[in-house]
Structures are given as structure tokens and as C-alpha cells.
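Visitor: I would like to learn how to read the features of this model. Please take me through them one by one.

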Amino acid sequence: MGCSSALAQLERVRKQTERLCEPLETEDYCIQPMVDASPPKWHLAHTTWFFETFVLKQAVPKYKAFHPAYEYLFNSYYEGVGTRHPRPERGLLSRPLVSEVYEYREHVDDALRQLLRTSPEDEWVRRIELGVHHEQQHQELLVTDLKCNLGRNPIRPVYLEKTHDQRRKSADRTAFINDGGEMVNIGAELDQNPFCFDNELPRHAVWLAPYEIADRLVTNGEYLEFISDGGYETVSLWLSDGWAEKITRDWRAPEYWFQQDGQWFEYTLHGVAPVDADIPVCHVSYYEADAYARWANARLPTEFEWEATSQSTKNLERGTFADDANFHPQPQSQTFSGDCWEWTSSSYAPYPGYQPLEGTLGEYNGKFMANQYVLRGGSCATPLSHYRNSYRNFFYSKDRWQFTGIRLGRNLDV
């Protein structure tokens, strides 16, 4: 990436993060609804800390940090940087003020602009590009964490009025695409995607036995059939850990769903709405996705099956991404990415020959390769410019505050 394009990308993404905060009131910036989520103020500051820590403090000899305490307050998990404020207590930080965090962002942005104009060395341009994609990850987290906050508020506030209706023609039924029975190459193609995260490399060959994969996501209407058929009460459908989680958390439906006068409703960032049968079901855990697939006499696809079919299937349209500014899945036609992150049956593990980034930046992905599952496909909160088919998202089996959904796979007789 050249210096001018890096600067343009930096400006665009940094402004977009702040644009996402425009509907907020000051009180909204500091709420942490659960340990896994973070307040908007923290996201604004942490993404700025990333640029300050990994670019400016190393590239600019006389760089003056905005505040000496920020290295401690806004470090997320980088042990190599030093100690940090406890994650569960991010919502207790009434100071620094929101206005001071915005001043911090401007201070760092000015220094980054100056660096790109005066010392555009390849290493710093690469790190700025990584920082931009890191900030786009936090844009999605900002949206989902905010939904977690507002969705747990009894008055269920509206974050953003829906700007337009994107209803697509919904598919009459699910069709399955036959694939497999061959060696395929998996991983990022650097000649097509100049940027990727280290966990998408190296590109390597994988044997895929014959399989078939659904041409669209499972819908709310189909998931309601699972609920009506006692899916949440049938122990044989559930993994042991999943059943225990369901009991502990009293799961009876996806996150943000509730019943009123016998009708199902869900909280969206545009307010409360009746559950739309044609929209992809989302905010389900891996355990729920796996139980549904078992109920449907199917399974979850592997991440390699997903990527191989997404590469070979060119005639399916894409779903809704964050650029469409609705932050809610739309009625399903045949799509192969967008709307919801899709649980796969693949554990999050390194590819053969995986090499993390050097130094402290090596903590970015590799240290999390245990006890999590890979999700593919992007969501209605994912910036489209940030997404590619080789992207490996990952979460714990119990997580469901993200826009997570279900695509079915099945074995084929050989």
C-alpha cells in the first residue's frame, strides 16, 4: 500500500468510527453491559492506543505521548507492552472524559498524518494498515457491544432509525450445493488481497471429502420450528457443555428475542420488531447452532468447506454488510456472505506452517488459538472493505452477542 492510499484509508476509517458514535449521548459512552463487551469510550481510546503504541512510539523519536496513564488504561491484552486496567472494570472509568478521548484521537491522528507525509517507510505503512483493519474490527465490536447495552435496557432504546428498506426476495426453500471430493487451496491469496491477518496464512492444500452446503442461512421461521418442536428441551440434540450452558443461562430462544402475548419479538438497533420469519436467525451460540443442525439432520460445515464453496460459487449475491448501515440481517435470498457470521465446526487452530507477526504484535491472533470455533462470512456489522472470503473470525462456543448465524452442511455418500 502506498503512502497516499494509506493516509486516505486511515482518514476514512477513523472518521467512520466516530460517525458510529454520533447517535450516542454522553451517558452511553461509559456503559459496559458484560465482561466480554466494552464501552464505546474504551473502543475509541483503545484503537487510538494501538496506533500510538505500535506505530508512533516506535517510528517517531521525539513523539510525546498524549497521557502517560493511557498505556495502562487502554491496553487490551498485550502482555509485552505491560500491565493493564482489568477488563471487567472498563465500565468504571468515568475519567478520562469523552471529550478528552476525542482530543486523544486527534492528537494521534495528527502525528500519523505527519509520519506518513515525512517518513513513509514500508514498515510504518504496514503497521498503519494493520491498525486500520484492527479499528474496523472494533467498529463491529462497538456496534455489537452497544446493542448488548441497549438490548438489556428495559426501555429498549433506538440507536439508529432505519434509513431504508433493503428487503430482498426471499428464497422459497434451501437448496444444497454439492462440492468436495478433491484437493483445494485454503487461505489468503496475497496477489488478490494485499492485506490479510496472519491467521489466514500460509495458503495450503486441504482434502475435502464430498459434501453439500446450503445456499443460504437458516431463517427465523425455520428456527421457530426448532423451538416449537422442543429443541431447547431435547437433551439428545445438545453437546454436554452446551446443555449445561443452556441450563445455566436459561436459554429458550436466540439473544434479544422475547415473547409478548404469545408473539415473538426481538430487539434490534432500530428498536423492537416482530420476529420476521424470512430474516436469518442470529445471535445464537455455537451450541445452539450445533443443536439446530442435529435437529435438521444436518451438521455445521467446516471452515474449509465454507471457503472452498465460497470461492467456487460466483452466482450467489452477497448479503448485508455494515456499509449498508442497517445493522440487521435482511430476508434471505441465495447468499454466501454477509448478514451473519456463520459458525463452522472447525476449531480455531493454526494453519500448517503458521508464523505469527514478530514481537509484541505476535499476540494479535496466535495466542487465542485454543477452545474457540471459527466463523466465516461476515455480518451486517462488518465493514465490507474489511472483509474477504479467507477471513477467520473466532469466538467461544457460548458467545452470542455477535451477529452469529447458521448455515447447514451435510455429508455426501461416496
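**Reading the features**

Guide: Let us start with Tyr77, which counts as partly exposed because its relative accessibility is 23%. Buried means under 20% relative accessible area, exposed means over 50%, and partly exposed is in between (1.4 Å probe, protein chains only). This is a predicted model, so local features need pLDDT of at least 70 and side-chain atom pairs count only at pLDDT 80 or more, while totals for chains, interfaces and linings use all residues. Residues are numbered from 1 along each chain as its sequence is written, and side-chain values use heavy atoms, with hydrogens and water left out.

Visitor: Is Tyr78 buried or exposed?

Guide: Tyr78 is buried, because its relative accessibility is 0%.

Visitor: How is a pair of aromatic rings described?

Guide: By the distance of the centres and the angle of the planes. Rings of Phe, Tyr and Trp (its six-membered ring) pair if their centres lie within 6.5 Å; planes under 30 degrees apart are stacked, over 60 edge-to-face, and the rest tilted. The structure has 42 aromatic pairs. One of them joins Tyr77 and Tyr78, whose rings are stacked, with 4.7 Å centre to centre and 25° between the planes.

Visitor: Which ring does the charged end of Arg410 sit over?

Guide: The ring of Phe176, with 3.6 Å to its centre. The charged end of Arg156 likewise sits over the ring of Phe258, 4.0 Å from the centre. The test asks for NZ of Lys or CZ of Arg within 6 Å of the ring centre and within 35 degrees of the ring normal.

Visitor: Which residues of helix 1 are buried?

Guide: Helices (H or I, at least four residues) and strands (E, at least two) are DSSP runs, numbered from the N terminus. In helix 1 the buried residues are Ala6, Leu7, Gln9, Leu10, Val13, Arg14, Thr17 and Leu20. They lie on the same side of helix 1, because they cover an arc of only 165° around the axis, taken from the directions from the helix axis to the C-beta atoms. Their cover includes helix 2 (40–59), helix 4 (98–118) and helix 5 (122–151).

Visitor: What does His85 touch?

Guide: Contact means heavy atoms within 4.5 Å. Leaving out residues up to four places away in sequence, His85 touches Tyr72, Leu73, Arg90 and Leu93. His85 is in the loop between helix 3 and helix 4, and counts as buried because its relative accessible area is 12%.

Visitor: What should I look for in the backbone?

Guide: Most residues other than glycine have a negative phi, and most peptide bonds are trans. Here, the bond from Arg95 to Pro96 is cis, with omega near 5°, and Pro96 is placed in the loop between helix 3 (70–73) and helix 4. Leu201 and Pro202 are also joined by a cis peptide bond, with omega about -5°; Pro202 is in the loop between strand 2 (182–186) and strand 3 (204–208).

Visitor: Where does His283 lie?

Guide: In the loop between strand 7 (271–274) and helix 8 (286–295). His283 is not a glycine, yet its phi is positive, near 60°. His283 counts as buried because its relative accessibility is 1%. Asp339 also has a positive phi, about 75°, without being a glycine. Asp339 is in the loop between helix 9 (303–312) and strand 8 (341–347), and is buried because its relative accessibility is 0%.
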